[in-house]
Amino acid sequence: MKKKFLYVALFALTLASCSDQEIIEQPSTPTGGTEVQLPADVTSGELLIKFKPEMTDILDQTMTRATRSGGAMTRSGIPSTDEVLEILGGYHFERIFPVDQQNEERTRAAGLHLWYLVKFDENTDLQEAANRLSKLGEISKVQGNSRIRRAYSGNYRTYTSEAVLQKTAATRTLSTAPNDPGFGTQWNLNNVGDIDFGNSNAKSVTGCDVNCLEAWKKCTGDPSIIVAVLDEGVMYTHPDLAANMWVNEKEQLRAGKDADGNGYKDDRYGYNFVKNSGLISWTDANDTGHGTHVAGIIAAVNNNGEGVSGIAGGDGTPNSGVKLMSCQVFDGEGGVTLDGEAKAIKYAADNGAVILQCSWGYNSGDANLVDGYTPGPATQKEWEETYPLEKDAIDYFLNNAGSPNGVIDGGIAVFASGNEYAGIPGYPGGYTKCVTVAAVAADFTPASYTNYGENVDICAPGGDTEYHNTPAMDDPEEWTEINRTKSGSILSTWIKNGNATYGYMDGTSMACPHISGVAALGLSYAVKQRRHFKAPEFIELMKESVKDVDGWYQNVKTKKYYRNHLSPSGGSIDEMNLLSYIGKMGTGLTDAAVLLNNIEGSGSDMKVPNVYVAEGNKSTINLAYYFVNGENLTYTCTSSDAAIATVAVNGTFMEVSGVKTGTAHIAVKVSNGSEQTIAVTVRKNANDNGWM
């Protein structure tokens, strides 16, 4: 959806008494340095600080004592830091990322255990506090903790219903299409140039889509691929989404306990980071259904005879689509604080997501104040210095999602470029390691509102109401009769008054999940082909798998659209010089079919992982996962030293038993002629992640 994301600090300013804790002596060396850059919208109340690695033991001991006593941390245990906190009136001190034993080792390797939240007296000068703390030798980073807020009018909403989609489908039949009744109006998935838009001068063009029909001949999704949707809560009961929702089977809603030990209670369908609750919500009067709309573009259930189609939604058989994890960062009028956002990003990586879907971000540095947009960071350096925790969390996802033994090693973070009509994308999407997405209309032209620029990576359908809609004419709030589309917008799953429905939206918010969906479909095909990729390698392959757009801008040269086109006068006419967009809409329009073709022969063969096992224990591996058509193959496995490790095969499963401490090798021979050799290391105590 077209949005202005304003980051406003809304902190609880509550005084609390400080309890004394044992202090461990540690000398401080002032570091000096420049003034901490705090966003203009940050108010007094909280700071986020990152300690240097040398402080780990002291911080751990202080946190352990607080946990044992059942109280909250009020000091760090570091004398110089606590002296400053005392002066500043600090009263609450806590580690940002909860301890998750399964992922604690890599959390510490990334330095995320060193990030803490500290709260101050309400009269504290936050800039002075930040500057004082930044000069301490024990602290490496200091930033403000604003709260993500949304500010948008809610225009361009047009709902439709299952009944209307069914009627519409009867008027338009594609023999090769899925049986979802809304597919015929999803030009973004299959554009045959016959969509009836309101503005006859802005017609759809054949091929301006992500080419799903061709791609689906090879693959429709795979449940091992998880996409984390950082947005409003996804309606996990929506009939067109429920079958493709990620479910944490170890957790139960409202049980009040952290059954899987990941640091979060009741997180069965994801987590609500706004309210710090396992209850994903979508019924607040101020919820827009944005997260549910985004989710449907990625993976609405295909071929279920209902609603719409998703890019990686499966083929209609059970458990055939990719999975959607709801990481809720907006709830009603509220948005997460920046520490909550960082938790959501890390949660996604630690719980199996390999794609981070983010249709939000700061306004770009070129956002126009006259239009009501507050400019955000203009350069990567400015963003890194102002939001270091955000960068650390994103880097953690990029480096730790996926698996060296899986289809992708690392994660893919996908961000919308922004909707401020600006010549540079907003951050975090502008970060060179993220994938930044611009939006096109149904005729390959840039959407009127889209941010663009040299830092944009790729583009996708986003719709363009200001271009396709008839000036001074608005579509009804809800279609109750047969319709073809809503003025070139994107049809997907939606919510109205807390109930499941469908509807149309436009914006880079809609372009972004097209890239997440195509990436998920590509990784699903890589699973089928048993191909392995490093995340940056797969991103480059995606950027190569596109349709040209620059040629359209050379031919058309200009484009007219109507800003404020819903006004009685039809709004003012603006003209885009399309020549200025050449080379600034990314490498081109994403093409799912081309990506799947390019995956064949790219990357590397999947490898059976080495095994770590304790004496007297067993480790089991499903060999079918590592060989094409592996479910239908047979396997012979032999240990080089049965005195150290023995091996047995049961169907496609290889079971390795540790006998005594040492190292052996296992030869894996496959009925298709393939052979691999893996190492087995046996110790007295071991697990799959290393030594305990």
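This report walks through the cavities and salt bridges of a predicted model.

## Empty space inside

Rolling a probe the size of a water molecule over the atoms shows where empty space is left. Here, that kind of search turns up 2 cavities of 30 Å³ or more. Let's look at the second largest cavity, which has a volume of about 80 Å³.

Which residues line the second largest cavity? They are F97, P98, D100, N262, Y264, K343, K346, Y347, D350 and N351.

## Salt bridges, starting with a helix

Side chains of opposite charge can pair when their charged atoms come close. Across the whole structure, the tally is 22 salt bridges.

One of them pairs R108 with E104, with 2.8 Å between the closest N and O atoms. Both residues sit in helix 3 (residues 104-109), and because they are 4 residues apart there, about one helical turn separates them.

D457 and K543 form another salt bridge, and their closest N and O atoms are 3.4 Å apart. D457 is found in the loop between strand 15 (435-440) and strand 16 (458-461), and K543 belongs to helix 13 (residues 535-544), so this pair ties together parts that are 86 residues apart in sequence. Are D457 and K543 buried or exposed? Both are buried.

Then there's K684 with E615, a salt bridge whose closest N and O atoms lie 3.8 Å apart. This pair also links distant parts of the chain, 69 residues apart. K684 is in the loop between strand 31 (675-683) and strand 32 (686-687), and E615 is in the loop between strand 25 (611-614) and strand 26 (618-622). K684 counts as exposed because its relative accessibility is 60%, which is over the 50% cut-off. E615, with a relative accessible area of 28%, is partly exposed.

Which residues do salt bridges with shared partners join into one network? The network is made up of D60, R95, E104 and R108.

Technical notes. Residues numbered from 1 in each chain as written. Predicted model: local features only at pLDDT ≥ 70, side-chain atom pairs only at ≥ 80, totals over all residues. Heavy atoms only, no water. 1 Å grid on protein atoms, 1.4 Å probe; cavity = no way out; pocket = protein on both sides within 12 Å on 5 of 7 lines; lining within 4 Å. Points joined across faces, edges and corners; volume = space filled by probe spheres on them. Salt bridge = Lys/Arg side-chain N within 4 Å of Asp/Glu carboxyl O. Helix = DSSP H or I, 4+ residues; strand = E, 2+ residues; numbered from the N terminus. Buried < 20%, exposed > 50% of the residue type's maximum accessible area, 1.4 Å probe, protein only.
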